[in-house]
Amino acid sequence: MIELQTRELEYFIAVADELHFGRAAVRLSIAQPALSKAIQRIETRLGVPLFVRSSRRVELTPAGEALQEHGRHALNAVSAAVRNARRAGDTQAHLRLVLKPGGDAGLLSGILAAYAHQPDARRVDILFSGPADRADFLLGGRADVGLLYVPFDDLDGLAHETLRTEDRVVIVPSGHRLAGRASVLMPDLEGETLPRWKGIPGGDGTGPEVTDVVQMLHMITVGRMIGVLPRSLVEPVPAGLTCVPVTDAPPSRLVLAWNEQDRRPLVASFVAAARSTGTAPE
């Protein structure tokens, strides 16, 4: 079986990312000749070239592209395993909860109060993330539990408990053509400008890129776009804006999520507290 050491994978990933041996050597704080020899040893051991080298540029071969993708996953998995092992052995570890700013549908204070009554409760550190990386926080071991929105967040590899199911609304300026409607359908939004969320590829958005709900609401206020969100993310509705239910949009679910491989009592206790608060009404 061919084996690569973690350090060798780090060397390769650095060169694959930079496509320049000099910059990769600086990033790794090693001498460039030593890095070049290390890559050559990896190629010899694998029996395939990983890079096409010329005097002007460095490019990945198909084998190199494959190793870059899977090697990065392997390094992330090793880092997560180390972090989780250290935390599992730390009896004083705090519990880390990740969520988007304002992304708790008003439930967090009740959950924290219920958790505080658990006999093994720990201090809860609250982490805020961007629109697309809460699942990465959980899978990578940077957070223990998280509040995620379905279908917007990917739950692959995560266990979860649904805390609230709610409808989705379109947010428009008060003078918008849809502002006076009791409800709308998704086809009613055709021709409107929707946001592009930073870090989330695809989607129907053609408008300016936004990083959070606050930024999006500001752009709606000045007439640059409209937006469709779970109702709880825009309540109370800011002055100058109107929310209209989108009756044919799939409902949104706020879930408490955690790594499905994480069976620590630290996590189970928090999940039990969240479950004991009951599912909030729609």
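**Buried, paired and packed**

Colleague: Why is V82 called partly exposed?

Modeller: Its relative accessible area is 37%, and that value is set against the cut-offs: buried means under 20% relative accessible area, exposed means over 50%, and partly exposed lies in between, with a 1.4 Å probe and protein chains only. V82 therefore counts as partly exposed. Its place is in helix α4, residues 62-88, where a helix is a DSSP run of H or I with at least four residues, a strand is a run of E with at least two, and both are numbered from the N terminus.

Colleague: What should I keep in mind about the model itself?

Modeller: This is a predicted model, in which local features need pLDDT of at least 70 and side-chain atom pairs count only at pLDDT 80 or more, while totals for chains, interfaces and linings use all residues. Residues are numbered from 1 along each chain as its sequence is written, and side-chain values use heavy atoms, leaving out hydrogens and water.

Colleague: How do you know that the span of α8 agrees with its number of residues?

Modeller: The expected span of a helix is 1.5 Å times one less than its number of residues. For the 12 residues of α8 (265-276) this gives 16 Å, and the end C-alpha atoms are 16 Å apart, so the two agree. Among the buried residues of α8 are L266, F270 and A274.

Colleague: What makes a group of residues a nonpolar core, and how many residues has the largest one?

Modeller: A nonpolar core is a set of buried Ala, Val, Leu, Ile, Met, Phe, Trp, Tyr and Cys residues joined through side-chain atoms within 4.5 Å. The largest has 34 residues, and those with the most contacts inside it include L97, I171, M216 and F270. Elements giving two or more residues to this core include β3 (95-99), α5 (108-116) and α7 (213-221), while the largest share, 6 residues, comes from α8. A second, separate core of 21 residues includes L9, L28, L50 and L75. In soluble globular proteins, nonpolar side chains tend to be buried together.

Colleague: Why do you say that the buried residues of α5 line one face?

Modeller: The buried residues of α5 are L108, I111 and Y115. Seen down the helix axis they fall within an arc of 65°, so they line one face of α5; the arc is that of the directions from the helix axis to the C-beta atoms. The face turned away from this buried side carries the exposed residues S109 and A116, whereas the cover over the buried residues includes β3, β4 (124-128), β6 (158-166) and α8.

Colleague: What makes β10 and β11 edge strands?

Modeller: Two strands pair if DSSP finds at least two bridges between them. The open sheet has 3 strands in the order β10-β7-β11, with antiparallel pairing, and β10 (227-230) and β11 (241-245) each pair on one side only. Between β7 and β11 there are 5 bridges, and I171 stands opposite C243 in β11. Helix α7 packs on the sheet, touching β7, β10 and β11.

Conventions. Contact means heavy atoms within 4.5 Å. Axes are lines fitted to C-alpha atoms, for helices over the stretch in contact, and angles run from 0 to 180 degrees between N-to-C directions.
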